[in-house]
Amino acid sequence: MQEDTAPALVKALGGLQEAPALKNEEEARVWLQQLPMPSGWFASIEEARAHLQRWKEETPPLTKEEVQAARKKLGMSQTEFATAIGIGGNPDTRRRFITAVEKGEIQPKTDKPRTLSIDATRRLRALMAENGLDFSDR
């Protein structure tokens with residue numbers, strides 16, 4: 001789907017049977033980010049191609065420090081952040097999951113620190129890029 005303006009794209013997306021009631025561009029972006037790859041919101045064909053290329057690249061896990069720094073740079077609460085990167089569940093479950101990731105809590109079944117999934121990591125990287133933020137910026 002390709003439209004000339006953001007309002008036209010929101011309207012076209014709203015016409016899809018699978019789409020929730022999308023009120024504005026931000027809601028449309030968040031919904032698209034939660035869909036399986038290669039869904040996204042792109043200003044140009046080049047941007048869409050770059051996005052697809054990023055999805056093909058290996059996605060290393062983010063450290064607990066990188067996750068926490070990204071959330072703070074985005075100015076989001078843990079619950080808002082979890083929602084934005086596609087973590088499901090009720091608000092308390094989402095908040096507790098991000099808390100566990102940021103603290104590096106050990107998972108009993110694997111004896112490894114809790115980390116974001118590959119999909120959540122990719123969504124976070126896309127969200128950071130959309131906002132002109134970088135993980136290395138302090």
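**Entry 1**

I began with Phe 81 and looked up its contacts (heavy atoms within 4.5 Å); leaving aside neighbours within four places in sequence, I found Phe 81 touching Val 67, Ala 70, Arg 71, Leu 74, Met 76, Ile 98 and Leu 124. I note at once that this is a predicted model, in which local features need pLDDT of at least 70 and side-chain atom pairs count only at pLDDT 80 or more, while totals for chains, interfaces and linings use all residues. Residues are numbered from 1 along each chain as its sequence is written, and side-chain values use heavy atoms, with hydrogens and water left out.

The largest nonpolar core has 17 residues, and Phe 81 is listed with Ile 85, Leu 116 and Leu 124 as having the most contacts inside it. At least two residues of this core come from each of α4 (64–74), α5 (78–84), α6 (91–103) and α7 (118–130), and α7 gives the most, with 4 residues. Helices here are DSSP runs of H or I with at least four residues, strands are runs of E with at least two, and both are numbered from the N terminus.

Another core, of 8 residues, lies apart from the largest one, and Val 10, Leu 13, Ala 19 and Trp 31 are among its members. I looked next at α1, where Leu 9, Val 10 and Leu 13 are buried. Seen down the axis of α1, these buried residues fall within an arc of 100° and so line one face of the helix, the arc being that of the directions from the helix axis to the C-beta atoms. Pro 7 and Lys 11 are exposed on the face turned away from the buried side, and α2 is included in what covers the buried residues. At the N-terminal end of α1 I found Thr 5 as a cap, with a side-chain oxygen 3.2 Å from the backbone nitrogen of Ala 8.

**Entry 1: salt bridges**

I counted as a salt bridge a side-chain nitrogen of Lys or Arg within 4 Å of a carboxyl oxygen of Asp or Glu, and the structure holds 3 of them. Arg 71 pairs with Glu 102, the closest N and O atoms being 2.5 Å apart; because Arg 71 lies in α4 and Glu 102 in α6, the pair ties together parts 31 residues apart in sequence. Arg 71 counts as buried at 12% relative accessibility, and Glu 102 is buried too, at 9%.

Salt bridges that share partners join Asp 92, Arg 95 and Arg 96 into one network.

**Entry 2: a loop residue and the whole**

In the loop between α6 and α7 I looked up Asp 111, which has a positive phi of about 60° although it is not a glycine. Asp 111 is exposed, with a relative accessible area of 61%. For the protein as a whole I noted 7 helices and 0 strands, with 31% of the 138 residues counting as buried.

Note on methods
A nonpolar core is a set of buried Ala, Val, Leu, Ile, Met, Phe, Trp, Tyr and Cys residues joined through side-chain atoms within 4.5 Å. Buried means under 20% relative accessible area, exposed over 50%, partly exposed in between (1.4 Å probe, protein chains only). A polar contact is a pair of N or O atoms within 3.5 Å; within protein, one must be able to donate a hydrogen and the other to accept it, and residues adjacent in sequence count only if both atoms are side-chain atoms.
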